[in-house]
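The following exercises ask the reader to work from a sequence and a three-dimensional structure. Each task is followed by a solution in steps.

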Amino acid sequence: MNPVPIDQAQIITFPKNTEPRGNLSFIEGNNHIPFAIKRIYYLYDVPSGATRGGHAHKTLNEVIIALSGSFDVMLDDGAKIKRVFLNRPHYGLHIPPGLWRELENFSSNSVALALASNIYDEDDYIRNYDVFKKMVANGEL
Ligand code: TYD
């Protein structure tokens, strides 16, 4: 049986080169993450108490990394909710399509890096939670 969507959202551990000079991590598309990277974006200067995300994607795969600081990623597949705390830059959270996500509890000076499987496409977004729930119920996601 296939895992339910929320269990397909997994933490990925990236290589980490540790030296007295500091740490270095790297990410290769189609190697350390399960898709080719077509876009990178990042969230920064997020005010205390703000929430980002608040949508699902129809087809987009993403990996979210706390490059600096920390934040929570709340995931919802319409049936189950999972909260993932990210606070180290050698871990990424793979979010497959079809999951509602909200990013919250940003620490000061945090930076959230997102690696995405496609360029920006507003048509790929589901921004209304009730619409998301209906699409899940209808098997459209
Ligand atoms: P949005 O995806 O709603 O932000 P978040 O989910 O992180 O809270 O994007 C906010 C705005 O930025 C929206 O007008 C679309 C625009 N945007 C782009 O133009 N390109 C991008 O790659 C992203 C992620 C957003």
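This is a predicted model: local features need pLDDT of at least 70, side-chain atom pairs count only at pLDDT 80 or more; totals for chains, interfaces and linings use all residues.

**Exercise 1.** Determine the strand order of the open sheet of 5 strands, and identify its edge strands.

*Solution.* Step 1: recall that strands of a sheet pair through backbone hydrogen bonds, either parallel or antiparallel. Step 2: follow the strands across the sheet; the order is β8-β7-β10-β5-β12, and the pairing is antiparallel. Step 3: find the strands that pair on one side only, namely β8 (81-86) and β12 (125-126). Step 4: examine one pair in detail. Strand β7, residues 71-76, is joined to β8 over 6 bridges in the antiparallel sense. Within this region, F71 stands opposite L86 of β8.

**Exercise 2.** Is A66 buried or exposed?

*Solution.* Step 2: compare its relative accessible area with the cut-off, since buried means under 20%. The value for A66 is 0%, and therefore A66 is buried. Step 3: list its contacts beyond four places in sequence, which are F71, L86, N87, R88, P89, Y91 and V111. Step 4: consider Y42, 24 residues from A66 along the chain; the C-alpha atoms of these two residues are separated by 9.7 Å.

**Exercise 3.** Classify S117 as buried or exposed, and state where it lies.

*Solution.* Step 1: S117 is found in the loop between β11 (111-116) and β12. Step 2: S117 counts as buried because its relative accessibility is 17%, and the cut-off is 20%. Step 3: leaving out residues up to four places away in sequence, S117 touches F35, A36, K38, T59, L60 and N61.

**Exercise 4.** Describe the largest pocket and its lining.

*Solution.* Step 1: the space in the largest pocket is about 210 Å³. Step 2: the elements that contribute two or more residues to its lining are β4 (39-43), β5 (52-57), β6 (62-68) and β10 (100-104). Step 3: among the lining residues are R39, Y41, R52, E62, R101 and Y125. Step 4: sorted by class, the lining has 5 nonpolar, 2 polar and 5 charged residues.

Technical notes:
Residues are numbered from 1 along each chain as its sequence is written. Side-chain values use heavy atoms; hydrogens and water are left out. Two strands pair if DSSP finds at least two bridges between them. Helices (H or I, at least four residues) and strands (E, at least two) are DSSP runs, numbered from the N terminus. On a 1 Å grid over the protein atoms alone, a cavity is a set of points where a 1.4 Å probe fits but cannot get out, and a pocket is an open set with protein on both sides within 12 Å along at least five of seven lines; lining residues have an atom within 4 Å of a point. Grid points are joined across faces, edges and corners, and a volume is the space filled by probe spheres set on the points. Ala, Val, Leu, Ile, Met, Phe, Trp, Tyr, Cys and Pro count as nonpolar, Asp, Glu, Lys and Arg as charged, and the others, Gly among them, as polar. Buried means under 20% relative accessible area, exposed over 50%, partly exposed in between (1.4 Å probe, protein chains only). Contact means heavy atoms within 4.5 Å.
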